[in-house]
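Biologist: I'd like to go through this one with you and ask how you know what you say about it. Can you put it up?

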Amino acid sequence: MEFLWNGILSVTWQQIVMYCVGILLIYLAIKKQYEPSLLLPMGFGAILVNLPETGVLNQVTEGIGETHGIIQWLFEAGIEASEAFPLLLFIGIGAMIDFGPLLSNPKMFLFGAAAQLGIFLTIIIAAFFGFDLKDAASIGIIGAADGPTSILVSQVLDSSYVGAIAVAAYSYMALVPIIQPFAIKLVTTKKERLIRMEYNPKNVTKTMRIVFPIAVTFIAGFVAPSSVALVGFLMFGNLLRECGVLNSLVKTAENELVNLVTLLLGITISCSMQAEQFVRIDTILIMALGLVAFVLDSIGGVMFAKILNLFTKKKINPMVGAAGISAFPMSSRVVEKLGIEEDRQNHLLMHAVGANVSGQIASVVAGGIILGFFM
């Protein structure tokens with residue numbers, strides 16, 4: 001009883017805040033079903049690592065001395081030393097993605113690039129607020145709308161805010177259906193949202209589907225070498241999908257591999273959610289800047305579409321540009337829903353999917369470019 005009382009008395013107010021953060025993440029995962037596969041283990045991990053004297057981070061073994069606890073060990077092995085967890089997750093993500101709509105309409109590549117604008121603008125804004133360049137770059141990558149990329153970049157750049165960045169990235173990914181409609185309507189008129197687009201899919205051969213991930217890897221290797229680990233693992237997963245001879249491995253990558261790595265990544269990232277590191281004014285600012293990055297990415301894609309419309313006869317519905325972020329398939333569904341709200345006959349889904357999968361590639365390339373500049 002005395003040990004229990006001493007343990008309670010040793011809890012700091014910062015740790016109490018983290019218990020609340022953990023419970024909030026668990027609530028959002030279960031009740032609201034916002035990214036439950038990640039927010040739930042992150043929330044539980046936030047509670048776990050902030051309980052005093054638990055040994056999940058460090059423990060003292062008689063005759064050996066202080067050793068790493070299980071979460072600290074997983075963090076060092078899977079994220080800090082090798083970045084294995086985020087990279088392995090990319091294999092599963094690549095195995096899930098169908099690049100057919102993009103290959104059928106290659107101009108959608110442009111929207112994936114344009115929708116990364118928020119990343120680089122946010123880096124400038126974060127630096128203006130006093131973050132050093134590596135931390136500013138790590139904060140900006142939240143705008144990639146890609147959790148594994150955000151974690152990997154912030155870890156490689158040795159940011160002090162890995163936990164806050166991970167929470168912001170996955171929280172805002174889950175809130176895409178709320179954030180993007182606001183951002184889109186902010187910079188479009190009803191007339192622009194009513195623009196209809198015909199979908200005339202071109203035949204995408206199996207050869208094209210196989211060559212595509214190989215070609216993208218080569219291009220990324222020469223243009224942005226630091227992105228090869230990110231792009232390469234994503235493209236390898238897609239090559240597994242498209243080759244047609246490794247169906248059992250594709251199912252494993254899509255299901256068992258993704259589920260297991262996601263589970264481990266979620267609870268492991270909580271190592272950087274210790275109260276003394278997380279409960280700061282900086283964390284609130286990072287969450288705010290992450291939201292700015294998401295909004296600016298969406299606006300960047302929309303504005304690029306509006307600029308293209310000045311020079312093309314066949315007009316593009318600007319909302320499609322917002323789907324150029326990496327949050328797949330949520331962003332393309334948001335665009336489809338907004339299109340139907342304005343005109344029940346205006347289906348934008350396939351155009352938006354093309355931009356959305358382009359955003360998957362563009363976000364990891366952007367991550368590689370940032371690593372190349374700031375490492």
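Biologist: What is the mean pLDDT of the chain, and what share of its residues reach 70 or more?

Modeller: This is a predicted model, with a mean pLDDT of 86 and 94% of its residues at 70 or more. Confidence is highest in helix 8 (residues 117-128), at a mean of 93, and lowest in helix 1 (residues 2-9), at 46.

Biologist: Where does pLDDT stay under 50?

Modeller: Over residues 1-7, which have one contact beyond four places in sequence. Residues 61-65 also fall below 50, with three contacts beyond near neighbours in sequence.

Biologist: What makes helix 10 roughly antiparallel to helix 11?

Modeller: Helix 10 (residues 147-156) packs on helix 11 at about 165 degrees, with the axes 9 Å apart. The cut-off for roughly antiparallel is over 145 degrees, so helix 10 gets that label against helix 11. Their crossing is right-handed. Residues in the contact include Gly147, Ile151 and Ser154 of helix 10, and Val162, Ala166 and Tyr170 of helix 11.

Biologist: How do you know that the span of helix 3 agrees with its 13 residues?

Modeller: At 1.5 Å a residue, residues 36-48 should span 18 Å, and the end C-alpha atoms of helix 3 are 18 Å apart, so the two agree.

Biologist: Which residues of helix 3 are buried, and what covers them?

Modeller: Leu38, Leu39, Pro41, Met42, Gly43, Gly45 and Ala46 are buried, which takes under 20% relative accessible area. Their cover includes helix 2 (13-30), helix 11 (162-174) and helix 16 (247-268).

Key: Residues numbered from 1 in each chain as written. Predicted model: local features only at pLDDT ≥ 70, side-chain atom pairs only at ≥ 80, totals over all residues. Heavy atoms only, no water. Helix = DSSP H or I, 4+ residues; strand = E, 2+ residues; numbered from the N terminus. Expected span 1.5 Å × (residues − 1). Buried < 20%, exposed > 50% of the residue type's maximum accessible area, 1.4 Å probe, protein only. Contact = heavy atoms within 4.5 Å. pLDDT = per-residue confidence, 0-100. Axes fitted to C-alpha atoms, helices over the stretch in contact; angles between N-to-C directions. Parallel < 35°, antiparallel > 145°, perpendicular 65-115°, else oblique. Left-handed = near helix turned anticlockwise from the far one by under 90°.
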